[in-house]
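Subject: Handover of a structure

Dear colleague,

Please find below the structure that I am passing on to you.

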Amino acid sequence: MEDYIIRSVAAGNQVRAFAAVTTDTVSRAANIHKLAPVASAALGRTLTAAAMMSKMLKSQDNIITIQIKGDGPLGGVVVVSDYQANVRGYVYNPEVYIPLNSAGKLDVAGAIGEGYLNVIKDLGLKEPYIGYVDLVSGEIGEDIAYYFAYSEQVPSIVSLGVLVNTDEKVLHSGGFIIQLLPGAETKTIDAIDDRIKSIPSVTSMLTDGKTPEDILEFIFEGMELKITDKSPCKYKCNCSRDRMERNIISLGEKEIQDMIIEQNGAETVCHFCNTKYWFDSETLKQLAEQCKN
Ligand code: ZN
């Protein structure tokens with residue numbers, strides 16, 4: 001199954017819902033960054049959330065970034081998605097090996113620890129929109145739900161799951177986001193709450209072969225689910241030599257001169273895809289010149 005995201009409305013437009021399968025995307029991230037299982041779960045959940053949240057953006061050039069910073073061994077997570085759900089991301093420390101939690105699951109909350117979550121939306125305006133919340137659980141799904149409720153005033157249910165096998169291979173990844181629209185009736189809210197309490201986890205539904213459509217149909221059984229869009233999602237970096245040159249220029253002339261003297265050049269590595277770029281002394285001299293302009 002190729003990765004994709006669906007969006008939908010239900011209960012006569014009282015609710016909107018997104019669901020995604022992101023197994024290939026998260027596998028790719030795990031391979032690029034050589035992630036330990038709990039790091040795959042943390043990055044995978046965040047990539048899945050960002051992919052779905054990209055479908056809430058309004059225009060082609062909009063970009064959404066999720067940053068999580070915690071005092072646990074993982075350190076933090078950074079994920080970026082464009083409007084087309086081309087996602088990329090990394091964790092500060094990919095090699096985190098900690099025991100499973102008391103439920104026998106990958107301990108994402110333990111890996112992240114206490115900290116905060118930022119959602120930055122570049123909507124093409126002068127200043128980006130920045131939402132900031134303290135982490136409520138560190139499990140990511142609940143934290144993003146809290147972000148929606150607190151920063152965007154949209155009551156939301158967020159469920160994210162990544163299943164990793166004993167060989168550290170990502171078997172399944174996906175999730176859903178359900179949001180109440182203005183005017184949602186209490187009985188609709190109660191019905192969804194009841195339903196959510198009785199459904200299996202996202203990863204067990206995916207393991208059973210359920211698609212994102214199946215998952216939402218299951219949740220909204222008898223509630224007039226209407227799927228309105230289906231679109232692909234993938235792991236894709238947008239780094240380039242040009243972009244790296246701009247990063248080097250931003251370091252300033254003095255720093256660039258030091259690199260010429262000390263290393264006879266400079267190697268930069270993209271955080272998102274690990275592509276390495278080498279700049280020789282001649283190129284660095286030209287970049288140093290551009291700092292003066
Ligand atoms: Zn890259």
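Leaving aside residues up to four places away in sequence, Thr275 touches Cys239, Thr268, Val269 and Cys270. Please note that the model is a predicted one. Thr275 itself sits in the loop that links β12 (265–269) to β13 (276–280). Its relative accessibility is 33%, so Thr275 counts as partly exposed. Leu287 is 12 residues from Thr275 along the chain, and the C-alpha atoms of the two are separated by 20 Å.

The protein as a whole may be described next. Its secondary structure comes to 10 helices and 13 strands. The C-alpha trace spans about 70 × 45 × 35 Å along the principal axes. For 293 residues, a compact globule would have a radius of gyration near 19 Å, and the 21 Å of the protein agrees with this. Of the 293 residues, 49% count as buried.

I turn now to a pair of helices. In general, two packed helices are described by the angle between their axes and the distance between the axes. How do the axes of helix α1 (residues 23–33) and helix α2 (residues 37–54) cross? They come within 9 Å of each other, at a crossing angle of roughly 135°. The two helices, α1 and α2, are therefore oblique to each other. The crossing in which α1 passes α2 is right-handed. On the side of α1, the contact is made by Val26, Ala29, Ala30 and His33, while α2 contributes Ser40, Leu43, Gly44, Leu47 and Thr48. By type, the residues of this contact divide into 5 nonpolar and 4 polar, with no charged residue.

The loop between α1 and α2 holds Lys34. Is Lys34 buried or exposed? With a relative accessibility of 64%, Lys34 counts as exposed, because the cut-off for that class is over 50%. The backbone deserves a remark here as well. Most residues other than glycine have a negative phi. Lys34, although not a glycine, has a positive phi of about 50°.

Glu168 is a further case, with a positive phi of about 70° although it is not a glycine. Glu168 is found in the loop between β8 and β9. At 32% relative accessibility, Glu168 counts as partly exposed.

Which residues of helix α4 are buried? They are Gly141, Asp143, Ile144, Ala145, Tyr147, Phe148 and Ser151. After α4 comes Gln153, which has a positive phi near 55°.

Finally, Asn247 is part of helix α8 (residues 241–251). Since its relative accessibility is 42%, Asn247 counts as partly exposed. Asn247 and Asn118 are 129 residues apart along the chain, and their C-alpha atoms are separated by 23 Å.

With kind regards

Definitions and conventions:
Residues are numbered from 1 along each chain as its sequence is written. This is a predicted model: local features need pLDDT of at least 70, side-chain atom pairs count only at pLDDT 80 or more; totals for chains, interfaces and linings use all residues. Side-chain values use heavy atoms; hydrogens and water are left out. Axes are lines fitted to C-alpha atoms, for helices over the stretch in contact, and angles run from 0 to 180 degrees between N-to-C directions. Helices (H or I, at least four residues) and strands (E, at least two) are DSSP runs, numbered from the N terminus. Angles under 35 degrees count as roughly parallel, over 145 as roughly antiparallel, 65 to 115 as roughly perpendicular and the rest as oblique. A crossing is left-handed if the near helix is turned anticlockwise from the far one by less than a right angle, and right-handed if clockwise. Contact means heavy atoms within 4.5 Å. Ala, Val, Leu, Ile, Met, Phe, Trp, Tyr, Cys and Pro count as nonpolar, Asp, Glu, Lys and Arg as charged, and the others, Gly among them, as polar. Buried means under 20% relative accessible area, exposed over 50%, partly exposed in between (1.4 Å probe, protein chains only). The radius of gyration is taken over C-alpha atoms; the globule rule is 2.2 Å times the number of residues to the power 0.38.
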